[in-house]
Amino acid sequence: MVLVTAVRDYLSRMLQDISGMKVLILDSHTVSIVSVAYSQSELLQKEVFLVELVDSISKSRESMSHLKAVYFLAPTSENIQFLRRHLVSPRFGEYHLFFSNILKDTQIHILADSDEHEVVQQLQEFYADFVATDPYHFTLNMPSNHMYMLPAVVDHSNLQRLCDRVVDGIAAVFLALKRRPVIRYQRTSDIAKRIAQETAKLMYQQESGLFDFRRTEISPLLLVIDRRDDPVTPLLNQWTYQAMVHELIGIQDNKVDLRNIGKFPKDQEEVVLSSEQDAFFKKNMYENFGDIGMNIKQLVDEFQQISKCNQNIQTIEDMAKFVDNYPEYRKMHGNVSKHVALVTEMSKLVEERKLMVVSQTEQELACNGGQVAAFEAVTNLLNNESVSDIDRLRLVMLYALRYEKESPVQLMQLFNKLSSKSPKYKPGLVQFLLKQAGVDKRTGDLYGNRDFLNIARNMARGLKGVENVYTQHQPLLFQTMESITKGRLRDVDYPFVGNHFQQGRPQEVVIFIVGGTTYEESRCVALQNAMNTGIRFILGGSVILNSKRFLKDLEEAQRIARTSNAI
């Protein structure tokens with residue numbers, strides 16, 4: 001069972017058993033959960049005629065007793081208070097209450113006491129407390145994601161909130177999958193350890209009854225790791241479709257806002273990019289940018305063929321046929337123009353920002369040795385007026401992560417050049433990144449130069465040559481999945497929580513990255529799952545990063561660290 005299916009099943013169960021006209025009431029978190037799993041037309045088919053946010057509906061007093069209210073909310077104290085007020089003077093005929101995670105007993109008592117008019121028909125927990133953007137990829141959409149970089153002493157209460165939210169999200173995923181995992185974490189990360197331990201406490205002590213599912217022969221594995229173990233992946237330009245759209249334009253809850261990039265007709269200002277709802281995207285989301293252009297041309301040709309047939313309307317029957325097929329035709333028209341608009345815009349950005357040259361150097365820095373050539377290439381690009389500030393910053397960061405120990409003098413020269421070329425550059429940001437994610441802080445073999453097997457693999461790759469210079473980089477996650485598949489994930493680097501250990505290979509693995517995932521990594525997971533090795537991987541994280549978000553989190557953490565002088 002994949003995540004999107006799990007969420008869709010919950011929503012179907014929620015809506016189909018309640019007959020008649022309904023209003024669906026969501027909060028700012030559950031609106032994302034629903035929007036990626038269900039389209040508006042699907043909601044209409046379930047007789048949902050109104051979708052409202054819980055805080056805005058509180059402001060209205062109008063009676064709508066002909067409607068049945070279906071609430072789907074996170075079990076926060078704020079939402080419970082909203083509900084209390086709604087139940088004291090009910091506006092709808094019936095109230096069906098669903099929560100996205102575990103309710104506390106006290107919250108249930110508050111709701112029971114508030115239901116004086118006895119309008120509540122049911123109260124249930126449906127564990128869809130995560131945004132399932134793709135079948136094997138989920139996010140928690142956490143606003144204060146930068147907190148994971150700060151030690152507990154800086155802001156204890158906010159860090160606790162971050163941990164609580166992650167633990168709740170992970171718990172919901174396993175409740176939806178009806179599994180209880182053994183848990184491992186990255187040894188060098190305090191926050192990964194803390195989340196792993198708190199998750200274990202919830203699953204094996206506080207709510208052990210809830211997680212007491214039928215045992216599988218080998219328990220699934222939850223592995224909690226830290227984004228800072230691979231700071232390279234979120235810094236790279238991307239060249240496969242989904243990852244590239246997020247890097248250059250931005251995707252939020254499977255939607256792309258095109259208003260940032262130009263004038264579009266009203267119905268095309270926001271477009272949906274979902275592998276569940278768009279067959280072309282599903283087929284091409286992991287393809288290289290070069291191939292996408294060809295495939296879109298095919299799509300346009302197919303559309304023109306259909307248009308030609310439609311122009312040939314001569315009889316009443318032809319017209320009736322056209323009217324029958326019109327919704328499909330219109331949908332196809334929207335789809336073609338959406339993909340053409342995205343690819344056109346990205347081609348323009350690639351040209352403007354000289355991304356092919358920039359990206360070639362990025363890939364060299366991420367994948368191949370050769371410090372002298374790297375220094376020269378980065379220096380040349382810093383001097384190139386066409387290269388944007390963000391690209392300059394990323395190049396220096398990638399160079400610093402790779403050669404921090406080998407060439408400190410040249411690194412200083414690059415810092416100085418960066419400061420003089422980019423007036424907006426916040427001094428010390430690259431050094432802050434090294435403090436956070438430098439070689440001394442990392443567990444994994446990021447550049448494949450610590451472990452003998454990785455050195456041999458890199459040599460073999462070098463001899464074979466690369467079929468595409470722009471996509472030669474593989475995230476560290478790829479090696480982690482390979483180690484799990486081969487039963488080689490070392491206990492000293494990734495210890496188990498409690499007295500659990502795993503005999504044999506797990507068949508289901510959820511890898512959670514504190515600090516956020518990337519679409520390059522979710523592609524890696526999807527391709528790994530397609531190989532049918534007998535293990536199914538699911539990837540989750542606190543947010544979905546692109547380089548802009550990763551740098552924003554870094555800047556925010558640096559700002560807080562400076563004001564508190566804790567780091």
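The largest nonpolar core has 110 residues, and those with the most contacts inside it are Phe72, Phe130, Phe138, Ile195, Met397, Tyr399 and Val430; a nonpolar core is here a set of buried Ala, Val, Leu, Ile, Met, Phe, Trp, Tyr and Cys residues joined through side-chain atoms within 4.5 Å, where buried means under 20% relative accessible area, exposed over 50% and partly exposed in between, with a 1.4 Å probe and protein chains only. Helix 7, residues 156–177, gives the most to this core, with 13 residues; helices (H or I, at least four residues) and strands (E, at least two) are DSSP runs numbered from the N terminus. A second, separate core of 32 residues includes Phe289, Ile296, Met346 and Tyr519.

This is a predicted model, in which local features need pLDDT of at least 70 and side-chain atom pairs count only at pLDDT 80 or more, whereas totals for chains, interfaces and linings use all residues. Residues are numbered from 1 along each chain as its sequence is written, and side-chain values use heavy atoms, with hydrogens and water left out.

Threonine 199, found in helix 8 (residues 190–206), is buried, with a relative accessible area of 0%. When its neighbours within four places in sequence are left aside, threonine 199 is in contact with Val167, Ile170, Ile183 and Leu222.

A search of the whole structure finds zero disulfides, a disulfide being a pair of cysteine sulfur atoms within 2.5 Å. The sulfur of cysteine 367 is too far for a bond, because the closest cysteine sulfur, in cysteine 524, is 12 Å away. Cysteine 367 counts as buried at 16% relative accessibility, and cysteine 163 counts as buried at 0%.

Glutamate 118 has a positive phi of about 50° although it is not a glycine; its place is in the loop between helix 6 (105–114) and strand 5 (120–125), and at 65% relative accessibility glutamate 118 counts as exposed. Lysine 178, which is not a glycine, has a positive phi of about 55° and lies in the loop between helix 7 and strand 8 (182–185), where its 44% relative accessibility makes lysine 178 count as partly exposed.

How values were computed: Contact = heavy atoms within 4.5 Å.
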